[in-house]
Amino acid sequence: MSTVDKQLETVRAEIAEEVPPDISISDVKYEGPELVIYTRDPKKFARNGDLIRRLASKLRKRITVRPDPDVLARPEQAEERILEVIPEEAGVTDLEFHPETGEVVIQARKPGVVIGRHGKTLREITQEVGWTPEVVRTPPIESTTVENVRNFLKQEREDRRDILERVGRQIHRDPMSDDEYVRVTTLGCCREVGRSAFILSTPDTRILIDCGSKPGATEEQPYLQLPEALGSGASTIDAVVLTHAHLDHAALIPLLFEYGYDGPIYCTEPTRDLMGLLTLDYLDRAGDEGRSPPYDSEMVREAIKHAIPLEYGDVTDIAPDVKLTLHDAGHVLGSAISHFHIGDGLYNVAFSGDVQYDDTRLFDGAVNDFPRVETLVLESTYGGRNDHQTDQEDAERKLIDLVTETHDRDGTVLIPTAAVGRAQELMVVLEEAMREGEIPEMPVYLDGMIWEATAVHSTYPEYLSDDVRDRIFDESDNPFLADAFEHVAGGDDERESIADGDPCVVLSTTGMLEGGPARSWLEHLGDDADSTLAFVDYQAKGTLGRRIQNGWDEIPVGDGTVDLEMDVQTLDGFSGHADRQGLENFVRTMNPRPDKVLCVHGDESASQDLSSGLYHEFNMRTFAPQNMETFRFI
């Protein structure tokens, strides 16, 4: 018998001590980070509301209870009773029964009503029919991405169960070494923006945090060939943690499966869906630009199948000696600060990913309250001593003035932006400005993946600010469904027609003008002196966007060039990144404040400036590491 099987036997005995004698336990398994208890008496389990909480506290595990398939009510009978139990206002749109796991997936417009206060309605469902309910939201805007992900995971449910069982046994294996150390190796994004990737290692565990591309660069990959990373084989990686879905953090996650990785990817649920959307588009753009994609779409599906979604604040075992907690980073939908608790109180490391410390229209500011943090790995995109952005109110006023002035001269405002995050922030601002008469009513065209990314945002309103979330819940007031927003679906002919038409605003990917439809818009609008090109996102070195900011006026488009006559403006204040003051405030108010800070994900000067500033301000040890450095903390 393996050590994990022995451990499960011990756990089963502890469960038997706690469970009343009239409740049978037929099996106990690890599935990913969860302990799954199978029972022939799910209704009795559900009636004892505190039992699962007591077991979770005693065993210090996340627990799911599932019924044995042969004690379940027939799906047609269960469906009728479930719909009687759930209040009509929940807006149930679909029920899917999965006898192999005893789960019923309930899709509803208002999942909170299905769940009930403290899970009361869910327990009542199990008491009535025996099935274990799982609740998902019906997207208020139809999302191909969300539908495809859900359908794919439904098809792969059996295979995914096998993956989770294997991962669960890996997590709960016995530690093999008596040594104690914690190391971080930098594989990318040091003294540069892009290709974010780190290895966190202990004597028993190796975890990869992010695996992104570098915008505007020919060599896009992080240094995955290092012995600390994949140089010893992809199977030596125990887990991958993805902070968010932007390509400079996520583009090469599917490549890991091409190299033979077969383990879990921990992230939030919206990050999982957006990773699928953005990486598939990444492959399409590579093909359009004549580049060989580094992997195919099958590897994207593998990444989605291996994703294990976590919610903010849940402490989760991901290895024998590592617990992970994700916290809201305030950057984009589902973005997370990844906090690692290593050993039995041995050491704590937090990776910021990308953070926005201040509240925005779309998101609450980043969380920086942790039980313990000895080392912080902190982004420094805007860490330079002069990187102070305009506050949001001033930025919105400048946008409103710019749109109004361009409209008055019959021009078009072209805003190249990332599909995820800034586009939705701008949509909320423009919708309100039109509704309140601050700018003239005009079409706002959404090109590239922006409409689909917006649909994903509407699927997960609980990750948005209170105001936007409440407006999405009120279907008549959803800001993303305003009449002004129009999806560009007709390709280049439609773009040319819009460019030759009435004044409007165009939000188009990509944000740094590295491919995507924004380049096509430049071909149609570049020589129009009445129109405006407005940058709202960070423009990395080597990208066309940065070159235009630096004064380039002859722009390569298609097979030729365009003389850029548009008015070029940069609007600070809409970035999803904290500026220098925000980064300092994030560290200043951290509870507890870390002993060490590694300043990463910024140009060389920004990383070094932030490192120096934090050292002088807080008298802490700070570093601006280079790629391929290793830091030992214990």
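Predicted model: local features only at pLDDT ≥ 70, side-chain atom pairs only at ≥ 80, totals over all residues.
1. Residues are numbered from 1 along each chain as its sequence is written. Local features need pLDDT of at least 70 and side-chain atom pairs pLDDT 80 or more, totals for chains, interfaces and linings use all residues, and side-chain values use heavy atoms, without hydrogens and water.

2. Do look at helix α15 (residues 450-459), where nine of the ten residues are buried. Among them are Glu 452 and His 457. Buried means under 20% relative accessible area, exposed over 50%, and partly exposed in between (1.4 Å probe, protein chains only). Helices (H or I, at least four residues) and strands (E, at least two) are DSSP runs, numbered from the N terminus.

3. Two cis peptide bonds are worth a glance. One runs from Thr 509 to Thr 510, with omega near 5°, and Thr 510 sits in the loop between β21 (504-508) and α18 (517-525). Another joins Asn 591 and Pro 592, with omega about -5°; Pro 592 belongs to the loop between α20 (580-588) and β26 (596-600).

4. Asp 210, though not a glycine, has a positive phi of about 70°. This residue lies in the loop between β9 (206-209) and β10 (239-241), and Asp 210 is buried, at 2% relative accessible area.

5. Asn 619 is not a glycine either, and its phi is positive at about 55°. Its place is the loop between α21 (604-618) and β27 (621-623). Asn 619 is exposed, with a relative accessible area of 66%.
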